[in-house]
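Please read it alongside the sequence and the coordinates.

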Amino acid sequence: MSLTVTSSRPSASSGSRRSFRSVHVNEVDNPEKNYPLAILISAGITVAIFVFGTLAIGFVIPQRDINLTQSLLVAYRNLFQAFGLEWLSPVVSICLALGVFAGVNTWIAGPSKGILAVGKAGYLPPILQRTNKHGVQVNILYFQSAIVTILSVIFVLLPSVQAAYQILSALTVTMYLIMYMLMFAAFIKLRIKEPNTPRPFKVPGGELGMWLVGGVGLISAFAAFLVGFIPPGQIPVGSPTEWVGLLVIGNLLAVGVPLLIYHSRKESWKTAEGSDSFEPFSWQKETDAPAETSKK
């Protein structure tokens, strides 16, 4: 799931600052109640689509013929052949290609725009804050393209396209799970350290609900993270050492480089625009009173 950064209406506590939230949250009636409900419903729908979609492919294609990079197209072809509609296969292939291109554009533009906002708040060097005359974060996009080019070398190192696709997928998932582990851990820490801080969304159940949701989420994310390092048995991926080594190096770079940049940040990196539009972290609000920790 990707959350595009956008500015919301000013809050009373932020003065002229605007907090950055999920893109459509302020367009929802009673967001404190309806937004978490919408997330819960959409999560259920997403799981159902992926589970039943995968089962459909499993029913149409024999297990020995399942291919990670082609099975979706093969499933559509076999399905259309059963109804005498083979001519629809190219149509669906074109639609899938357009959908992939649209998804790639979203993944490129959305996160890079958020990174630009964070950079202008003083967390990226000026070279990565530069934009063109249309306000597009060109240097960040160049940096992204360089990373993708380097990752493409994996297609040469591994024995097949399927193997490269699988390890890139595993690398993406493990990077995601690192962030989820950090979010669950931060949720637990902040509920303990700052229990009285006003929050628009709060997990019900008090301390028990906090430990149940945060603990289960943290343990589940960590377990899934470890599973990602197990090479798949159905696909020849070369040496297991290469598989684990590539994942370890990729995750270390994904975590280490941001930490290095954060450690090296300078006050001069902060722009007036970033200072005015980025909601400060709780520990950066000098006027805030210390949160009480004795009450739950």
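Trp-269 touches Gly-119, Lys-120, Gly-122, Tyr-123, Leu-124, Pro-125, Pro-126, Gln-129, Ile-261 and Ser-264, leaving out residues up to four places away in sequence. The model is predicted. Its protein chain contains 9 helices and 2 strands, and 24% of the 296 residues are buried.

**Trp-269**

- Trp-269 sits in the loop between α8 and α9 (272-277).
- Its relative accessibility is 11%, so Trp-269 counts as buried, the cut-off for buried being under 20%.
- Trp-269 and Tyr-123 are 146 residues apart along the chain, yet their C-alpha atoms are separated by 7.0 Å.

**Overall layout**

- Read from the N terminus, the order of elements in the protein chain is β-β-α-α-α-α-α-α-α-α-α.
- Of the contacts between residues at least 6 apart in sequence, 57% join residues at least 24 apart.

**Helix α6**

- Helix α6 covers residues 161-193, and its 33 residues should span 48 Å at 1.5 Å a residue; the end C-alpha atoms are 48 Å apart, so the two values agree.
- The buried residues of α6 are Ala-163, Ala-164, Ile-167, Leu-168, Ala-170, Leu-171, Thr-174, Leu-177, Ile-178, Met-181, Ile-188 and Arg-191.
- These buried residues pack against four helices: α4 (138-151), α5 (154-157), α7 (206-227) and α8 (240-263).

**α6 with α7**

- The angle between α6 and α7 is about 160°, and their axes are 9 Å apart.
- Because of that angle, α6 is roughly antiparallel to α7, a term used for angles over 145 degrees.
- α6 and α7 form a left-handed crossing.
- On the α6 side, the contact is made by Thr-174, Leu-177, Ile-178, Tyr-180, Met-181, Phe-184, Ala-185, Phe-187, Ile-188, Arg-191 and Ile-192.
- On the α7 side, the contact is made by Gly-206, Met-210, Trp-211, Val-213, Gly-214, Gly-215, Gly-217, Leu-218, Ala-221, Phe-222, Ala-224 and Phe-225.
- By class, the residues of this contact between α6 and α7 are 17 nonpolar, 5 polar and 1 charged.

**α2 with α3**

- Helix α2 (residues 71-82) packs with α3 at an angle of about 150°, the axes being 9 Å apart.
- α2 is therefore roughly antiparallel to α3.
- α2 and α3 cross in a right-handed sense.
- From α2, Leu-72, Leu-73, Tyr-76, Arg-77 and Phe-80 meet Leu-88, Ser-89, Val-92, Ser-93 and Leu-96 of α3.
- The contact of α2 with α3 has 7 nonpolar, 2 polar and 1 charged residues.

**α3 with α4**

- Helix α3 (residues 88-123) and α4 pack at about 125°, and 10 Å separates their axes.
- At this angle α3 and α4 are therefore oblique to each other.
- The crossing of α3 and α4 is right-handed.
- Ile-108, Ser-112, Ile-115 and Leu-116 of α3 make the contact with Ile-140, Leu-141 and Gln-144 of α4.
- The contact of α3 with α4 holds 5 nonpolar and 2 polar residues and no charged residues.

**Gln-137**

- Gln-137 belongs to the loop between α3 and α4.
- With 5% relative accessibility, Gln-137 counts as buried.
- Apart from neighbours within four places in sequence, Gln-137 is in contact with Ala-109, Ser-112, Lys-113, Leu-116, Arg-130 and Thr-131.

**Leu-247**

- Leu-247 is part of helix α8.
- Its relative accessible area is 0%, so Leu-247 is buried.
- Not counting residues up to four places away in sequence, Leu-247 touches Ile-167, Ala-170, Leu-171, Gly-228 and Phe-229.
- Ile-167, Ala-170 and Leu-171 are among the buried residues of α6.
- Leu-247 and Met-175 are 72 residues apart in sequence, with a C-alpha to C-alpha distance of 9.5 Å.

How values were computed:
Residues numbered from 1 in each chain as written. Predicted model: local features only at pLDDT ≥ 70, side-chain atom pairs only at ≥ 80, totals over all residues. Heavy atoms only, no water. Expected span 1.5 Å × (residues − 1). Buried < 20%, exposed > 50% of the residue type's maximum accessible area, 1.4 Å probe, protein only. Contact = heavy atoms within 4.5 Å. Axes fitted to C-alpha atoms, helices over the stretch in contact; angles between N-to-C directions. Parallel < 35°, antiparallel > 145°, perpendicular 65-115°, else oblique. Left-handed = near helix turned anticlockwise from the far one by under 90°. Nonpolar A, V, L, I, M, F, W, Y, C, P; charged D, E, K, R; others polar.
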